[in-house]
Amino acid sequence: MEHGIVIRNTGSWYVVRLDDGNREVNCKVKGSFRMRGLRTTNPVAVGDGVTLRLNPDGNAFITGIDERRNYIIRRASNLSKESHIIAANVDCAFLIVTLLHPETSTTFIDRFLATAEAYSVPAVVVINKSDLLTGDEDVAYREAVEYLYRSIGYEVIVVSATTGAGMDRLREALAGKVSLMSGNSGVGKTTLINGLIPGLNLRTAEISDVHDSGMHTTTFSEMFDLPGGGSIIDTPGVRGFGTIDFDRYEVAHYFPEIFKLSTGCRFGNCTHTHEPGCAVLAALAENRVAQSRYNSYLSVLNDEEQEKYRKGY
């Protein structure tokens, strides 16, 4: 038996770097192998520590997965009952967003951050393409987004993969960590990674003029080592972020500012939607909670309501 870490997932095959650091092995998962209590499209994820049995042909079967320290998960599709594990055993999740060409919705940002909170993964918001934000309105919007997420407690890093602005700060934040990088298609994630790892030369694609969105250049998840120590798990761009298996009464726990206010609610099981004596609704009326964040909270509640009907209870 050998042990290693999954560094690439190509769908049916996994690439595992053995613990000796000198060998990478192509692996498959035996058909009977499933994660107990977790229905996912991928039972093994990049970042997983695994035990494997080598075959005479040089390939291997994965026979076991180490207990995960954490992981990031999303609904496989809007209509799916299954989840997809984006990455496992990460120190931090870096969400790459753009405010122009294309514009990342705050709902997407908030859903990602809520999922990171739910699975105990620290998160950082990285605003890329800052060089495009030149007009007064664009700059004001960027500053408002920065202020919003910083006021909640998230680190926000403003960068330009094109000009190099802010890249030193991003390198500092990534140093020595196993970091997930995720975001919508077209936000420049691949260009950022190429800038962080000289000589990597991952393929990039142009933004679609019709839809102002990116082409999918990353087709599977892969881990890359950083020059100064640490590693990045690059993931395919996603267009939506479906939450999964949240308890309706715990959704507020994953919105830090709403959770903090909820201690002042009259009822312990307050959903912050209609109840009398709700401290969150009072704060919303007084503009002490951002309307965008509250709307995102409601959207996640709606996910869970739909899930309840799907399961028939």
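Me: How many of the eight residues of helix 4 (residues 189-196) are buried?
Reply: In this predicted model, helix 4 is mostly covered. Its buried residues are Lys 189, Thr 190, Leu 192, Ile 193, Asn 194 and Leu 196. The number of buried residues in helix 4 is six.

Me: Which elements are included in what covers the buried residues of helix 4?
Reply: The buried residues in question are Lys 189, Thr 190, Leu 192, Ile 193, Asn 194 and Leu 196. Their cover includes one helix and several strands, namely helix 3 (167-174), strand 8 (92-98), strand 9 (123-128), strand 11 (178-183) and strand 13 (231-234).

Me: Which residue takes a positive phi in the hairpin of strand 12 and strand 13?
Reply: The hairpin has five residues between its strands. The positive phi lies near 105° and belongs to Gly 229.

Me: Is strand 2 (residues 14-18) enclosed or exposed, and how many of its residues are buried?
Reply: In a regular strand, side chains alternate between the two faces of the sheet. In strand 2, Tyr 14, Val 16 and Leu 18 are buried on one side, and Val 15 and Arg 17 are buried on the other. Strand 2 is therefore largely enclosed by the rest of the structure, and its buried residues number five of five.

Me: Which residue of strand 3 (residues 24-29) is the bridge partner of Val 16?
Reply: Strand 2 pairs with strand 1 (residues 2-9) in the antiparallel sense through five bridges, and Val 6 stands opposite Val 16 there. Strand 2 also pairs with strand 3 in the antiparallel sense, over four bridges. In strand 3, the partner of Val 16 is Val 25.

Me: What phi does Gly 21 have in the turn between strand 2 and strand 3?
Reply: The hairpin of strand 1 and strand 2 has four residues between the strands, and Gly 11 takes a positive phi near 110°. The hairpin of strand 2 and strand 3 has five residues between the strands. In that turn, Gly 21 has a positive phi of about 80°.

Me: Is Ser 299 buried or exposed?
Reply: Ser 299 is found in helix 7 (residues 291-311). Beyond residues up to four places away in sequence, it touches Thr 107 and Arg 111. Its relative accessible area is 18%, and a residue under 20% counts as buried, so Ser 299 is buried.

Me: Which backbone oxygen does the side chain of Ser 299 reach?
Reply: Ser 299 lies 10.0 Å from Asp 110, C-alpha to C-alpha, although the two are 189 residues apart in sequence. The side chain of Ser 299 makes its approach at 2.7 Å, to the backbone oxygen of Ser 296.

Me: Which helix gives the most residues to the lining of the second largest pocket?
Reply: About 310 Å³ of space lies in this pocket. The elements giving two or more residues to its lining are helix 2 (136-152) and helix 5 (256-262). With seven residues, the element that gives the most is helix 2.

Me: How many residues of the lining of the second largest pocket are nonpolar?
Reply: The pocket is lined by 15 residues, with Leu 148, Ser 151, Ile 152, Val 289 and Ala 290 nearest its centre. Three lining residues are polar and three are charged, while the nonpolar ones number nine.

Terms used: Residues are numbered from 1 along each chain as its sequence is written. This is a predicted model: local features need pLDDT of at least 70, side-chain atom pairs count only at pLDDT 80 or more; totals for chains, interfaces and linings use all residues. Side-chain values use heavy atoms; hydrogens and water are left out. On a 1 Å grid over the protein atoms alone, a cavity is a set of points where a 1.4 Å probe fits but cannot get out, and a pocket is an open set with protein on both sides within 12 Å along at least five of seven lines; lining residues have an atom within 4 Å of a point. Grid points are joined across faces, edges and corners, and a volume is the space filled by probe spheres set on the points. Ala, Val, Leu, Ile, Met, Phe, Trp, Tyr, Cys and Pro count as nonpolar, Asp, Glu, Lys and Arg as charged, and the others, Gly among them, as polar. Buried means under 20% relative accessible area, exposed over 50%, partly exposed in between (1.4 Å probe, protein chains only). Contact means heavy atoms within 4.5 Å. Two strands pair if DSSP finds at least two bridges between them. A polar contact is a pair of N or O atoms within 3.5 Å; within protein, one must be able to donate a hydrogen and the other to accept it, and residues adjacent in sequence count only if both atoms are side-chain atoms.
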